[in-house]
Amino acid sequence: MPQPMPPAAFPVTNFLGDLIRAHFAPPMSDLLNGLLAIMALLAVVALTPICLIWLERKVCAHFQARLGPMRVGWHGLMQPLADGIKLLFKEVLKPEGADTFLFFLAPILPATASFLVLTVIPFDHHFQVTDLDAGVLFVIAASGLNIFGVLLAGWASNNKYSLLGGIRSGAQMLSYEISLALIMLLVVLLSGTASLREIVLTQQGTVLDWWICKFPGFGALAFIMFLISSTAELNRGPFDMVEAESELTGGFTTEYSGISFAMFFLAEFVNMFASAALATTFFLGGFLAPRFGLAALDGLLASVPGVLWFFLKSYGVILCFMWFRWTFPRPRVDQLMALEWKIMLPINLGLLTLGGLFLGLGWIAP
Amino acid sequence: MPAVSSRAPIKDTTCAAPPMRPAGFIRSPAGDGLTDEYFLNMGPQHPSTHGVLRLVLRLDGENILEVVPHLGYVHRGIEKIGENQTYIQNIHLTDRLDYLSAHSNNLCLCLAMEKALDIGVPERGEYIRVMVCELQRIQSHLLWWGVMGMDMGAITAFLYGFKEREPITNIFEEMCGARLTMNFFRPGGSAMDVPDTFIPRVRGVIAHLKPALDEYHTLLSNNVIFQARTKGIGILPAASALAYGCSGPVLRGSGVNLDLRRHFPYSIYDRFDFDIPLGQAGDCYDRYLIRLEEMAQSLRILEQAAAAFPTGPYRSKEKAQYRLPRGSHYAQVETSRGLFGVYIVADGSAKPYRIKYRSPSFANLMVINELVRGHKLADLVAIISTLDLVIPDMDR
């Protein structure tokens, strides 16, 4: 078992961070390190949608027995770029009677929220912008900003379809945030810490020590609940009542075009990545390499850098999200609410109670 | 309900717009007075009105109070054009009505002409007619199935439906040159003989489609979300269905046993063994299952027809000009949407004096206000979808 990392004052203690610390005095080095960390994160935010757009197009195409984009680059690899350029050069239209300020503010909020969530995600031992003690609370607070974007977009568009989408999103995202928070709370309870990095470090050992297995049976249930709640929270299919193109034409995005639509699009994909990253952190051992208790295999697996493991696991979860979206039909909005308040919430409360019970009886060591 | 949003600047205060209230709503206000009702224009350009149907909805939140369909967006005056075309030319117009039932529509006009002029059809011609019509029923239902899935948010179903539809479309393309507005039947048979590859290709479709239908049940029919979205939604009582003149799967979904192929047989449908699926509840799920079962039954007919497919002439001797005798002539067929009828008033010339089509989609749409009562906006999409409307068929 590797040594637990000493808690760092500022977690950028990797090669680049040390280099800067060696050459600059503390206030300056912290500033530079912070800037570098944010730039690295911006790169992640910029690259993630590009990867995910391509992946989504290809995954959905192969689910649907077709090839997907094949013309722009090898197997359509440059397609997201072409999409981006197209959206950049399209005219941004504002409908008559729309609230100008809110109309243009709305697309920025979800992108900001997803960016904020990523700041506390531990990508590797030393690859995290900041390790907050109350990281989980920060995640809940930051992802709450998402609602404003969608709600304001629905309101400001001066379009009844958009407004319906906005109203639906308000109800849906608020409700599922409760479930999501309860599951996060369960993991916090079990691991005894609210720092995302510490939560990962409590899952050291073999695969059986990941929270999906460590909390016998119920861990897997909690993971499934997390996936369902995340899908609803992300407004992704099958829970995309907010967009629901067959009913609301495009929901809150109906009136958006060009770059302002692209911002929503970008935020959707970064959010999906953030949710997958959270699922990885909470349940799948984060950046830790999977160990199976076999010396030869474990050594091999451990030689892969943690950041790669992190992205591998996250993309695995993302594939699950895509699988849901391209398989299931969409429930009605009231059925979605009933699912949350009548089924998900009681189960999650039960899980939380069980978690406390297991901990109190000493069946799980935190 | 003001015409403009209260947030929009009112430019001319001296002549403010009068409160907008779209016409055609007949029910009294819902009445609790706690919430405002509002109107929502759905279509003609809307993803789930399939083509260009325009509905104006009276809504209370997400609940639908009333729906008023507005027709005429794709009205082309086909019945009026038909008065200036010869009967043969009129056949070409019928496949622009219900473009998914082009063959059945052609057949209907041909049947009317054959009955009026006492033209016989050779055995092979009859078999070609039945097989082509059944193939077309399957391809129409496949498209409907895919679109139904898409309306429910399962976009993958859409492409699956189209994938299975493709071989049938290929058969039509090889047979008559067109993939959509097919035009093949003529009085006394068909315009051409079917190619040699016809029967092998039909057998291929049968073999391919049987497992595909099971897959459809796995993917959509047995899905818990799909069932929640369609069971108990849009219940159409049998009496209402009859009163509104519904036909086809919409009527049979309510449990009324009426299928022209069985009860008023035309062509050689009386020689084939097939079942007529009937619904019990009359809800969206029943209408859905009936269409899937109809595909299976059409496959049965195709199997029997392919086994007994005769050789010989495909068309009886054609005439230079078809002049229907003075008087009125009527024929009807069962298309994939229901009862399609043509009523011709002939004056003895080469062109009809007046021609009137009875399209199934028109009657099936009119029942919509009965179905949406008390349901939500999302249910309307399911209801429209299970009515299986083709807009050019209504507007003509």
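Predicted model: local features only at pLDDT ≥ 70, side-chain atom pairs only at ≥ 80, totals over all residues.
**Entry 1: helix pair in chain A**

I looked up how helix α7 (residues 160-191) of chain A sits against helix α10 (residues 218-233) of chain A, and found an angle of about 150° with the axes 9 Å apart. That makes α7(A) roughly antiparallel to α10(A), since angles over 145 degrees count as such. The crossing of α7(A) past α10(A) is left-handed. From α7(A) I listed Gln172(A), Met173(A), Tyr176(A), Glu177(A), Ser179(A), Leu180(A), Ile183(A) and Leu186(A) as contact residues. From α10(A) the contact residues are Ala222(A), Met225(A), Phe226(A), Ser229(A), Ser230(A), Ala232(A) and Glu233(A). Sorted by class, the contact of α7(A) with α10(A) holds nine nonpolar, four polar and two charged residues.

**Entry 2: helix pair in chain B**

I then turned to helix α6 (residues 198-221) and helix α11 (residues 284-307) of chain B, which pack at an angle of about 160° with their axes 10 Å apart. That angle makes α6(B) roughly antiparallel to α11(B). I noted a left-handed crossing where α6(B) passes α11(B). On the α6(B) side the residues that meet α11(B) include Ile199(B), Val202(B), Ile206(B), Leu209(B) and Leu213(B). On the α11(B) side they include Leu289(B), Leu292(B), Met295(B), Leu299(B) and Leu302(B). By class I have 13 nonpolar, one polar and three charged residues in the contact of α6(B) with α11(B).

**Entry 3: sheet in chain B**

I looked up the strand order of an open sheet of three strands in chain B; the order is β1-β2-β3, and the pairing is antiparallel. The edge strands are β1 (38-42) and β3 (63-70) of chain B, each pairing on one side only. I noted an average twist of 25° from one strand to the next. Strand β2 (residues 54-60) of chain B pairs with β3(B) in the antiparallel sense over seven bridges. Arg54(B) stands opposite His70(B) of β3(B).

I checked Asn158(A), which is not a glycine and yet has a positive phi of about 55°. Asn158(A) lies in the loop between α6 (135-156) and α7 of chain A. Asn158(A) counts as partly exposed because 19 C-beta neighbours lie inside 10 Å, and a buried residue needs 20 or more.

I also checked Asp118(B), again not a glycine, with a positive phi of about 55°. I placed Asp118(B) in the loop between α3 (102-117) and α4 (123-151) of chain B. Asp118(B) has 7 C-beta neighbours inside 10 Å, so it counts as exposed.

**Entry 4: Arg291(A)**

I found Arg291(A) in the loop between α12 (258-283) and α13 (295-302) of chain A. Arg291(A) is buried because 21 other C-beta atoms lie within 10 Å. Leaving aside neighbours within four places in sequence, I have Arg291(A) in contact with Gly205(A), Thr206(A), Val207(A), Asp298(A) and Leu301(A). Arg291(A) and Asp209(A) are 82 residues apart in sequence, and their C-alpha atoms are 9.4 Å apart in space.

**Entry 5: contact between the chains**

I looked up the contact of the two chains: 31 residues come from chain B and 24 residues from chain A. On the chain B side, β1, α4, α5 (155-176), α7 (224-230) and α14 (377-387) each supply at least two residues. By class, the side of chain B that touches chain A has 17 nonpolar, seven polar and seven charged residues.

Methods. Residues numbered from 1 in each chain as written. Chains lettered and ligands numbered in written order. Axes fitted to C-alpha atoms, helices over the stretch in contact; angles between N-to-C directions. Helix = DSSP H or I, 4+ residues; strand = E, 2+ residues; numbered from the N terminus. Parallel < 35°, antiparallel > 145°, perpendicular 65-115°, else oblique. Left-handed = near helix turned anticlockwise from the far one by under 90°. Contact = placed C-beta atoms within 7 Å. Nonpolar A, V, L, I, M, F, W, Y, C, P; charged D, E, K, R; others polar. Buried ≥ 20, exposed ≤ 12 C-beta atoms within 10 Å, placed from the backbone. Pairing = 2+ DSSP bridges.
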